[in-house]
Amino acid sequence: MQGTKVGLIAGGTLLAAISGQGQAAMLQPDPAWQQGKLDNGFQWQVLATPQRPGDRIEVRLLVNTGSLTESTQQSGYSHLLPRLALSQQTSPEKSTWQQGMTGHPQPPAIVSYNLTQFNLSLPSTSGRGDSLKEALSWLAETAGELTITPESIDKALQVQDGIATWPEDTRDGWWRYRLKGSTLLGHDPAAQVGQPVDAEHLKAWYQQWYTPDAMTLIVVGNVDSRSVSEQVNKLFGSLKGKRETPAPVPTLSPLKRDAVSIMSPKIQQDRLSMMWDTPWQPIRSSEGLMRYWRSELAREALFWHVQQNLNKNNVRDVELGFDCRVLFLRGQCGIHIDTPNARLDDNLGRIARDLANVRDGGLPAAEFETLMAQKKLELEKLFATYARTNTEVLANQRLRSLQNQVVDLAPEQYQKLRQTFLDQLTPEMVNMDLRQILSQEMALVLQQPEGEPEFNMKQLQATWDKGMSPTEGATGLTPGAHPLGEVSDIPERQ
């Protein structure tokens, strides 16, 4: 799903920097991933990890359909189908491998606006037995051979709903605010189907959207790639159907640069976010990766700079957070502060002044050197980090790369490109990106605990504007100016 965060994890899912030649070259994907496409359009990808025999085998089936393909009369169909699949357990083998998932953090299925994802986690020994074959058989049945009758629907509706959605809480106040003006409104992936359910209508929707040319299978673990390939051909090659109508593309409107207050039952203390977003572009070339890497380092430097200043000034009533993620074709970032209501205005002013100083004066040289030393140390530990990255992380990273159209590189190639990038990075480059980030207009979003009096957002906006006004010795940039043109593409962060 989009919106889940993309972490910088060593290995086949790492994003890369450019080689420093100033030319945009198309990036080559990690050859360790074996992949293929069947005659019916079904795609599969396998990463065999014989070097870690103790890891679980992770299996993901991604279906390019979700609640956005539903009409008003079909609302809830995308959520009901995984319940149907999970309720159709007919063989002892299926019970065996599903028991192996007990306590596993991944839900068996996740439904979002534009996709449905099935997640299976098998014991490490499954590659040498029948569990993997049975798991793939069940996924093949789910993909094209579901039994959809009034009886099977009633059985599924009687089983507890264990299907997750993305986002996890589709009724969250902030998310509902973010959806304003979006094509996603009115297509809630958590919507429950209206009853009675017309089995024939549900079956027609299933056959229209669950087609093999809109599916991708991911397998990661200590498996034999050739054997998996043969099983995939046998089990999924007979699936029928082809998309006649493309699935709608989910999009979000640009984030409004307003100051808003949203009541939330999930928080105990005020949380204020300074947020911005930009259009997301796929990362396939060295040019795109250069923009990404510089912007990522600038954001990280900014976070640690503000955090260190809070520590130096002994500010104990602020918890600082910083994240970036891709939300349906938009890269969104935010600086978040959790602070008591009575200290909200003062702490916002403190942080705004600190950000303005960085924008106008740049990052202190000592902090740049510390950042570079840290990044080079991380690079030295690249292969050790990769060795500790479990198969669940590798599988999920691969899915996010596919969804966000980011090229994966082999760790050896990553190490070479990353080293060159770090060697050529200068304080001036980082400071240019910092000015770019901090010179744009941001939205102030305050989430307050339910029952708390609504804060005066005009007051907070005035405090922010005052703190972000040009500081002494400024470079001449005006608020909202973009010294480098458009803001860099922003991938997700963990």
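## His-187 and its surroundings

Leaving out neighbours within four places in sequence, His-187 is in contact (heavy atoms within 4.5 Å) with Ser-67, Leu-68, Glu-70 and Tyr-113. This is a predicted model, where local features need pLDDT of at least 70, side-chain atom pairs count only at pLDDT 80 or more, and totals for chains, interfaces and linings use all residues. Residues are numbered from 1 along each chain as its sequence is written, and side-chain values use heavy atoms, with hydrogens and water left out.

His-187 sits in the loop between helix 5 (173-178) and helix 6 (199-209); helices are DSSP runs of H or I with at least four residues, strands are E runs of at least two, and both are numbered from the N terminus. With a relative accessible area of 18%, His-187 counts as buried, because buried means under 20%, exposed over 50% and partly exposed in between (1.4 Å probe, protein chains only). Its side chain also reaches the backbone oxygen of Glu-70 at 3.4 Å.

## Helix 7, side by side

Which residues of helix 7 are buried? They're Val-228, Ser-229, Gln-231, Val-232 and Phe-236. These cover an arc of only 165 degrees around the axis, so they lie on the same side of helix 7; the arc is that of the directions from the helix axis to the C-beta atoms. What covers them includes strand 2 (43-48), helix 3 (131-144) and strand 7 (215-221).

At the helix start, a side-chain oxygen of Asp-224 comes to within 3.2 Å of the backbone nitrogen of Arg-226.

How values were computed
Polar contact = N/O pair within 3.5 Å; in protein donor to acceptor, adjacent residues only side chain to side chain.
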